[in-house]
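Thank you for asking me to look over this structure with you. Please keep the sequence and the three-dimensional view side by side while you read my points.

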Amino acid sequence: MIEGHFIVIEGIDGSGTTTQTRVLAERLSDKGLPVRTTREPSDGPIGVLIRQILTGRVVVPGLHGVHAPSWATMATLFASDRLDHLEAEIIPNLTDGVTVICDRYDYSSVAYQTVSSGGGDDVSTWVRELNRRARRPDLTLVLDVDPKVATSRRNTRSGSPELYEVDEMQVELAKFYAKIDELFPNDTIRHIDANCGVEEVTAAIWSEVMALRGESV
Ligand SMILES: Nc1ncnc2c1ncn2[C@@H]1O[C@H](COP(=O)(O)OP(=O)(O)O)[C@@H](O)[C@H]1O
Ligand SMILES: [Mg+2]
């Protein structure tokens, strides 16, 4: 059995990672390929806990005021979720020949924890080390978008903003993603201009995925 490809889609909030994960899966599926979409935080037990924290739903009785766990606590939770996600879902599917498309991966951990800590090299080195046992993707697509465009897209979504959805932080995250390749020199990372419409972004992603598969567009 030939293993499936492991494809990751990354970018700031509102860059379109969830939309493009879904659309890419539909297109691959239309070609008759076995494909599965997944996301981080995952839908496993640790991922569910992280989502509760991000949406502010974890309230400890007796605690005065609700405060989010520190960036270091979040980094360890994300790393635990990632290993569980790999063991329980990603690797079994790849082994079965299924292409797995993951909405966010450890690039998000490095970007969000480094930026939210206000830290620099120390933090990004530690977070990468925490994730050293995480399997590398075959292809990583980083959706580059102007933070203002991303903000206006986020504003069309329902619900309250999550923990990291603060405009100033998204500006820092966009800068971080622009040079993420330097931190992952052995990965295959492709930057996609995601300021345009969904179909144009999909077309750019599609040509990278076809190149990975050794097929012409
Ligand atoms: N290229 C695009 N052009 C315009 N709107 C988009 C584009 N990509 C996504 N959207 C819209 O922007 C919002 C955020 O997209 P989403 O895929 O949820 O972003 P992310 O998962 O990166 O936060 C959604 O309402 C989505 O329909
Ligand atoms: Mg999303």
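The numbered points below go through the helices, the core, the ligand shell and some single residues.

1. Before anything else, please note that this is a predicted model, in which local features need pLDDT of at least 70 and side-chain atom pairs count only at pLDDT 80 or more, whereas totals for chains, interfaces and linings use all residues. Residues are numbered from 1 along each chain as its sequence is written, while chains are lettered from A and ligands numbered from 1 in the order in which they are written.

2. Which residues of helix 7 are buried? They are Gln-170, Leu-173, Ala-174 and Tyr-177, where buried means that 20 or more other C-beta atoms, placed from the backbone, lie within 10 Å of a residue's own, exposed means 12 or fewer, and partly exposed lies in between. Seen down the axis, the buried residues of helix 7 fall within an arc of 105 degrees, so they line one face of the helix; the arc is that of the directions from the helix axis to the C-beta atoms. An α-helix has 3.6 residues a turn, so residues three or four places apart point the same way. On the other side of helix 7, Glu-168 and Lys-175 are exposed. The cover over the buried residues of helix 7 includes strand 1 (6-11), helix 4 (106-117), strand 4 (139-144) and helix 6 (147-155), with contact taken as C-beta atoms, placed from the backbone, within 7 Å.

3. Helix 8 can be read in the same manner. Its 16 residues should span 22 Å at 1.5 Å a residue, and its end C-alpha atoms are 22 Å apart, which agrees. The buried residues of helix 8 are Val-201, Ile-205 and Val-209, and they cover an arc of only 65 degrees around the axis, which puts them on the same side of helix 8. Among the elements that cover them are strand 1, helix 1, strand 4 and strand 5 (189-193). After helix 8 comes Gly-214, whose phi is positive, near 75 degrees.

4. In helix 5 (residues 121-130), Ser-124, Val-127 and Leu-130 are buried, and they fall within an arc of 125 degrees seen down the axis, so they line one face of the helix. The face turned away from this buried side carries the exposed residues Asp-121, Asp-122 and Glu-129, whereas the cover over the buried residues of helix 5 includes helix 3 and helix 4.

5. The largest nonpolar core has 41 residues, and those with the most contacts inside it are Ile-101, Ala-111, Leu-141, Leu-143, Leu-173 and Ile-192; such a core is a set of buried Ala, Val, Leu, Ile, Met, Phe, Trp, Tyr and Cys residues joined through C-beta atoms within 7 Å. Helix 3 (residues 71-95) gives the largest share of this core, seven residues. Leaving aside neighbours within four places in sequence, Leu-143 has contacts that include Ile-9, Gly-16, Ile-192 and Val-201.

6. Around ligand 1 there are 15 residues, of which Gly-16, Thr-17, Thr-18, Thr-19 and Arg-153 come nearest (a residue is near a molecule if its C-beta atom, placed from the backbone, lies within 6 Å of it). Helix 1 (17-30) and helix 8 (198-213) are the elements that give two or more residues to this shell, and the largest share, three residues, comes from helix 1.

7. Finally, please check two backbone details. A cis peptide bond joins Glu-40 and Pro-41, with omega about -5 degrees, and Pro-41 has its place in the loop between strand 2 (35-39) and helix 2 (45-54). Arg-104, in the loop between strand 3 (99-103) and helix 4, has a phi near 85 degrees, a positive value in a residue other than glycine; Arg-104 is buried, because 23 other C-beta atoms lie within 10 Å.

Methods. Helices (H or I, at least four residues) and strands (E, at least two) are DSSP runs, numbered from the N terminus. Two residues are in contact if their C-beta atoms, placed from the backbone, lie within 7 Å. The expected span of a helix is 1.5 Å times one less than its number of residues.
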